[in-house]
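Please read it with the structure open beside you.

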Amino acid sequence: MGILSNLEPKPVFQYFEEICGIPHGSGNTKQISDYLVSFAEKHGLRVRQDEKNNVVIWKGGTDGYEEAAPVMLQGHIDMVCEKEEGCEIDFANEGVRLQLQDGVVSAQGTTLGGDDGIAVAYMLAILSATDIPHPPLEAVFTVDEEIGMLGAAALDASGLNARTMLNIDSEDEGYLLVSCAGGVAVTVHVPVQREQMEGISVTLTVSGLQGGHSGVEIDKGRGNANQILGRVLYELGQSFSYRICEVSGGLKDNAIPRLAEAKLLFAPSDQDEIGEVKAAVKELSQILAKEYRQTDPAVELAIETGDGLRTMPVMAAGTAEKVVTALVCLPGGIQRMSADVEGLVQTSLNLGILKTEEDDVSFSFAVRSSVETEKKELVNRISCLVAALGGTVTCRGEYPAWEYRQDSPLRDRMIEVFEEQYGRKPVVQAIHAGVECGLFAGKLPGLDCVSYGPDMKDIHTPNESMDVESVRRTWEYTREVLKRLR
């Protein structure tokens, strides 16, 4: 018997629990894609699966809706795989371990995958139902949304006739999303040269940060572990001599990194200075705790020394300086707020992944803007600095902004249904995070779409949770919206 088996609506939570039992991190979607194909075949529905693992399932309209205009249901099947330190789950081969407490669903030590597993569960529950009135449906399940919307970008839109789309990929019940920023994933490579050196190994760690979605939480002022690591390395370099073996931090370019570390080597002659280094790190940790007391009260710097002397490959001094310069000087966070929409971030970037290879250090950014020219200017600014450091810049997964429609029959209908069900008006908003609606609008001229969803908190972090009652209310809302689209 499943952990969620007694929850209502039963079909939704049944499918959600099945989905959670299947590994489906970004880039690892073949198994869940095949699961969707099997579902369609079991229910006698027409299905198409492409080489990227995107899946489209078609279902005819119910009685009285056969000739209605088709409606698209859309969500993504990949999830962000983050876990707490010490959690031994193997995301490549294991599903998440669900837990239920006080009407809230979460996972043990990992992200839940409610973003966007709940959309998949809603869609499967609708496709398998026999008692829900609806127009002809085109259910589109995309892959790799969390790493640049790669599935939606590659999707062949031929055969999709719907020009009305329900995107179930938002995390705040009562909010109807009608516009979003465009974006691009930018990766910087700074080459490094190496040499062998004997010394005292030291591991410097930045931890205790909240992290979060780089589009949704970028305006919360939370610390970026990679940028903080660069700051600390520069500060230490003003008083002490060390060599860098490697730097690393973060797992996803669109998640604000919570943890970063540097492996350093101090010359044997500096052994007496290690105590002073530890004192300096402690002082910097106290400074950070004060600066981030509101947003990241648990932020902490830690330093650990290895036993004895070791001979290790370190970055040559000149190239190490370039790596630290890049960490300190590459832009990060909010770059501009919107002058048209109060409180809306217009342009930002997030250094989500820091990785050291044998001959280079890579910096992976999620760049976002609702103004195309500002997005381009920010990429140019990165490229300008990186060129001066002798590095290179590559861009991938670019997606357009989703522009606001003045005339939207779908938006009007969804507002109407919401007011009847909830007794209040929904919040109609534009957000800084990217959603796939922009890509679909570009492929399907005239597309009228709205993004919405149930309450979820702390997505893209191990604290991710989903409210059961909100899932139920959003299910009833979705059913009524479909009923009205005829």
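1. By class, the residues lining the second largest pocket are four nonpolar, four polar and five charged. The classes are: nonpolar for Ala, Val, Leu, Ile, Met, Phe, Trp, Tyr, Cys and Pro; charged for Asp, Glu, Lys and Arg; polar for the others, Gly among them. There are 13 lining residues, and E82, K83, E85, R258 and L259 lie nearest the centre of this pocket. The second largest pocket has a volume of about 370 Å³. A pocket is, on a 1 Å grid over the protein atoms alone, an open set of points with protein on both sides within 12 Å along at least five of seven lines; lining residues have an atom within 4 Å of a point. A volume is the space filled by probe spheres set on the points, with grid points joined across faces, edges and corners.

2. On the source: this is a predicted model, in which local features need pLDDT of at least 70 and side-chain atom pairs count only at pLDDT 80 or more, while totals for chains, interfaces and linings use all residues. Residues are numbered from 1 along each chain as its sequence is written, and side-chain values use heavy atoms, with hydrogens and water left out.

3. The chain has eleven helices and 24 strands. These are DSSP runs numbered from the N terminus, helices being H or I of at least four residues and strands E of at least two. Along its principal axes the C-alpha trace spans about 85 × 50 × 45 Å.

4. Of the 486 residues, 55% count as buried. Buried means under 20% relative accessible area, with exposed over 50% and partly exposed in between (1.4 Å probe, protein chains only). Among contacts between residues at least 6 apart in sequence, 78% join residues at least 24 apart; a contact means heavy atoms within 4.5 Å.

5. A cavity is a set of grid points where a 1.4 Å probe fits but cannot get out. The largest cavity has about 150 Å³ of space. Its lining comprises 16 residues, with E145, G148, N254, R368 and Y399 nearest the centre. β9 (182-191), β19 and β20 (392-399) each supply at least two of the lining residues; the largest share, three residues, is from β19. By class the lining of the largest cavity has seven nonpolar, five polar and four charged residues.

6. β19 (residues 360-369) is also joined to β18 by nine bridges, and the two strands run antiparallel. Strands pair if DSSP finds at least two bridges between them. β18 and β19 form a hairpin with three residues between them, and L351 stands opposite F365 in β19. On β18 (residues 345-356), eleven of the twelve residues are buried. β18 also pairs with β17 (residues 333-337), in the antiparallel sense over four bridges; V345 in β18 is the bridge partner of M337.

7. A separate point concerns an open sheet of four strands, in the order β4-β5-β24-β23 with antiparallel pairing. Its edge strands, β4 (98-101) and β23 (456-457), each pair on one side only. Two bridges join β23 to β24 (residues 465-467), and M456 has M466 in β24 as its bridge partner.

8. Where does R222 lie? R222 is in the loop between β11 (212-213) and α5 (225-237). Leaving aside neighbours within four places in sequence, R222 is in contact with Q210, G211, G212, E217, Y292, T295 and D296. R222 and K457 are 235 residues apart in sequence and 16 Å apart in space, C-alpha to C-alpha.
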